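Please read them with the structure open.

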Amino acid sequence: MQTRKMRLLLSCLLLTTAAMTVPAATSSAATMNSQTNAQPWGDRQLSPDQRAELLLRAMTVEEKKLLVFGYFGSPMKDKGYFPPEEARMGSAGYVPGIARLGIPPQWLTDAGVGVATQRDSLAPYRERTSLPAGIATAATWNPALAEKGGAMIGKEARASGFNVMLAGGINLVREPRNGRNFEYGGEDPLLAGIMVGAQIKGIQSNNIISTIKHFALNAQETGRFVLNAKIDEAGARMSDLLAFEIAMEKGEPASVMCAYNRYNGPYACESDFLLNRVLKQDWGYKGYVMSDWGAVHSTAPAANAGLDQQSGYIFDKKQFFGAELLGAALKDGSIPMERLDDMNRRILHALFATGAMDNPVEIAPIDMGAHAIITQADAEEGIVLLKNEGNLLPLAASAKRIAVIGGYADKGVLSGGGSSTVFGPGGNPVPGLGPQHFPGPVVFHASAPLNAIAKRAGKDQVRFDPGTDPAAAAALAAESDLVILFANQWTGEAMDFSLTLPDGQEGLIQAVAKANKNVVVVLQTGGPVLMPWLDQVPAVLEAWYPGTRGGEAIARVLYGEIDASGRLPVTFPQSLDQLPRPVLDGTDKKQDEPFDVTYQEGAAVGYKWFDREGHKPLFPFGHGLSYTTFEYGDLKASATPDGLRISARVTNTGSRHGQAVPQLYVGPAASGWEAPKRLAGFQKLALAPGESKQVEVTVDPRLLATYDVAGRAWNIAAGDYQVHLARSATDIVSSVPVTLAASRLSAVKGQQ
Ligand code: GLC
């Protein structure tokens, strides 16, 4: 008891003095245990701020220079580069620790679906659990699942010896052809912010650091190192930046990764506006900004703009934050010592705030069985039933003479390419596909849908055709009762893709549909695709990249063992002409030739653009069919002192258990926003037959406001608004009017 009282006394003492100086160990502190006395930052009663301050004071300048410079964690033989000994082989990054002070090394792993392995010849691929793609988790509209999935992959990261996980991809889907859409949370800032924020929270529950990335406007891969993203500030604040802001409030990522691209001129990793003004001043961010791998272009300009750590050296042209260049900048004063202190303070704050400092990582066994259940649950709820004419689905257990065609469905399920690729248990069942170098190879997970289907229908009732010869596939279809046709589009980092299914799959679908009218198309894509064959098939499922238990997840939804409860987090366009930029910018540029991408749509991303322009999508944001039916009603909206409260009632009017995703949209009765309406709330409701539940939402005031650049504030205009209860962005069930008073919310945290 005495010791505890002493601790409290000391912390009260520190509370009053922390801002000025850090008192030397006082005589009363002498009774503290020797560790705290020798290392007062070891006192866990103190706040992360206080501990970081105490530790910072004990560091030498040389040690402060160590912490802000990170190495790529894998060899690059063509550059003659080998990482420091202590790096985890095949990893993304490594920052040396300072044993004298108890600061652990930072071991960094990619990424958002699990523990990835970099492609190098020296390290055996780590076989780890892969969640379904980020866009699939977003399609669950279930933050609890996202958090659980994050907790699982964070646990595998810790058990693999990593204390930094480069997850939290949240760039809004402005460009449906972006090769990395599969890593992100869709097109809406509220949905993406809630879902990615939940995953980050789960990851960090393992006492490790998660990033959020790529800050900001990294919306396409073509020219990602050189393009200049141009967008008005209000438009950015109400879209991409709002997604980051919401996710950071929900998940409190200890690190932010700045993007490769330029943002209204400066590189994002040298953007005083993004890093100092928005992130650190307006949002009061206390963590640290790490660069993307190869995203650093200077020493003083980058550091003074708010970059705190250079990541993944060997990808940059120079060791900009290395001891020599950093030392010279400190010497000539172009980087003030206080800035170096702040860079370190932020990194130390992250290590303390997440518990990574107090809980050193250790290699540990992984319960792959338990983790398989988690990834499968996520995949199942992310699968979107796009079309189900004649209720062809769910399949009866008695369904016989089933043809399974294409998509390597006899081997496994597809995953996305690039730095986030996880190599699943059992290795890649389809080796040798796609580019053999980064972002390839194409990796499948050994979870074959064919096996999962055969388990239900009986092996003798299922036949497989690879789909490489449409005539042969059509012949099999002609002698089958039912066809389940898998159509894949691999996408990956550093590339953008057309929206057309590749490898003649459109022709395959058309040939098979001519031969059999009972065709279910199962898409495995990283985002929207065009479907010229849609009218020729009765049923379509979007399974995205469904992770290391994807085959089982697909079968469970096909057979109705679980309701189809995914809803689109992204608009599927009917044609490229409907997009703000029908022609992808930069495709006509030479390698490294700079170019602008002007986001004239501003905050009108996705469905907002389609609403504003009056375009009818192929499938709208929020769309997804269920195997049961739901009645939506009793919509109420009231303006209260804490904002706008909305409620509604959902009843399962069918005979099967199901999950509804009532969506609430709001828009001004007159115009004045970037688009007619915005998603203002949602909830995923599991309902038994006949069961009813309330959905209750208090709307974030920023979603009712427009951003006032001059006033650095969110302004809600007085007037009449419409509140909509909907099944999707184009399927509004009912609407009610509500009148809001004018109000203003400062964009600067802590200010009125
Ligand atoms: C990549 C990606 C980033 C990843 C990093 C480390 O180029 O842009 O998302 O975390 O490098 O692999």
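Predicted model: local features only at pLDDT ≥ 70, side-chain atom pairs only at ≥ 80, totals over all residues.

1. A side-chain N or O atom of arginine 180 lies 2.8 Å from an oxygen atom of the ligand. Taken by itself, the ligand would expose 310 Å², and the protein buries 95% of that area.

2. For glutamate 493, the distance from a side-chain N or O atom to a ligand oxygen is 2.9 Å.

3. The shell. Which residues come closest to the ligand? They are Asp110, Arg180, His214, Tyr260 and Asp292, out of 13 residues that surround the ligand. Sorted by class, the shell holds 6 charged, 4 nonpolar and 3 polar residues.

4. Histidine 214 again. Histidine 214 sits in strand S5, residues 209-215. Please look at this bond when you inspect the ligand site.

5. The sheet that contains S5. Strand S5 belongs to an open sheet of 8 strands with mixed pairing, in the order S9-S7-S5-S4-S3-S2-S1-S10. The edges are strand S9 (288-291) and strand S10 (310-313); each has a single partner strand, so one side of each is left without a neighbour in the sheet.

6. Pairing of S5 with S7. Strand S7 covers residues 255-258 and pairs with S5 in the parallel sense, over 4 bridges. In one of these strands, S7, serine 255 is the bridge partner of threonine 211. As background, strands of a sheet pair through backbone hydrogen bonds, in either a parallel or an antiparallel way.

7. Two further backbone points. Leucine 393 and proline 394 are joined by a cis peptide bond with omega of about 0°. Proline 394 is in the loop between strand S11 (384-388) and strand S12 (402-405). Asparagine 264 has a positive phi of about 50°, although this residue is not a glycine. The loop that holds asparagine 264 runs between strand S8 (262-263) and helix H10 (272-282).

8. Domains. How many residue ranges does the domain assignment give, and where do they lie? The protein chain is assigned domain 1 (2-354), domain 2 (376-562) and domain 3 (629-746). Taken over C-alpha atoms, the centres of domain 2 and domain 3 are 35 Å apart.

9. The sheet of 3 strands. Another open sheet has 3 strands in the order S27-S28-S31, and its pairing is antiparallel. Its edge strands are S27 (706-708) and S31 (743-746), each of which pairs on one side only. From one strand to the next, the twist averages 30°.

10. Pairing of S28 with S31. Strand S28 (residues 713-716) is joined to S31 by 4 bridges, and the two run antiparallel. Within this pair, alanine 713 stands opposite serine 746 of S31.

Key. Residues numbered from 1 in each chain as written. Heavy atoms only, no water. Pairing = 2+ DSSP bridges. Axes fitted to C-alpha atoms, helices over the stretch in contact; angles between N-to-C directions. Near = heavy atom within 4 Å. Polar contact = N/O pair within 3.5 Å; in protein donor to acceptor, adjacent residues only side chain to side chain. Areas by Shrake-Rupley, 256 points an atom, 1.4 Å probe, with all protein chains shown as cover. Nonpolar A, V, L, I, M, F, W, Y, C, P; charged D, E, K, R; others polar. Domains from an automatic or database assignment.
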